[in-house]
Amino acid sequence: MEDISTIASKPAKELPACPVETTLTLISDKWKVLILRDLMPGTKRFGELKKSIGHVTQKVLTTQLRQMEESGLLTRTVYAEVPPRVEYTLTDLGYSLKPVLDAMWNWGENYKAKNQ
């Protein structure tokens, strides 16, 4: 099985034939979905993301953000300041996943309501 970072950086013609598999290839990691959730309202700095996501390590968060940048879901802006300021913003492609996240939210709410 291929590593997700290898799959996510492939040209579209090399992505899986199944559209569901393609979507999962890009957002299959739980941290990526939480990054998307936290960036939907707008731009955030690395520290804000780490704090809002919770139990993710700095290394894992950095890796996930780089993969998402490579796949075109977000942009990383570095400001020439001391200390350096880095901000992450969803691209239009990243924002286009909002209906997917909304559906996941609604499904989760319904599941929780039925199982409490």
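Two strands pair if DSSP finds at least two bridges between them. Helices (H or I, at least four residues) and strands (E, at least two) are DSSP runs, numbered from the N terminus. This is a predicted model, in which local features need pLDDT of at least 70 and side-chain atom pairs count only at pLDDT 80 or more, while totals for chains, interfaces and linings use all residues. Residues are numbered from 1 along each chain as its sequence is written, and side-chain values use heavy atoms, with hydrogens and water left out.

Start with the strands. Strand 2 (residues 74-79) pairs with strand 3 (residues 85-90) in the antiparallel sense, over six bridges. Leu74 stands opposite Leu90 in strand 3. With five residues between them, strand 2 and strand 3 form a hairpin.

Next come two helices. Helix 3 and helix 5 (residues 58-70) pack at an angle of about 75°, and their axes are 10 Å apart. Axes are lines fitted to C-alpha atoms, for helices over the stretch in contact, and angles run from 0 to 180 degrees between N-to-C directions. Angles of 65 to 115 degrees count as roughly perpendicular, so helix 3 and helix 5 are roughly perpendicular to each other. In their contact (heavy atoms within 4.5 Å), helix 3 supplies Trp31, Lys32, Ile35 and Leu36, while helix 5 supplies Val60, Leu61, Gln64, Leu65, Gln67 and Met68.

Note on methods:
Angles under 35 degrees count as roughly parallel, over 145 as roughly antiparallel, 65 to 115 as roughly perpendicular and the rest as oblique.
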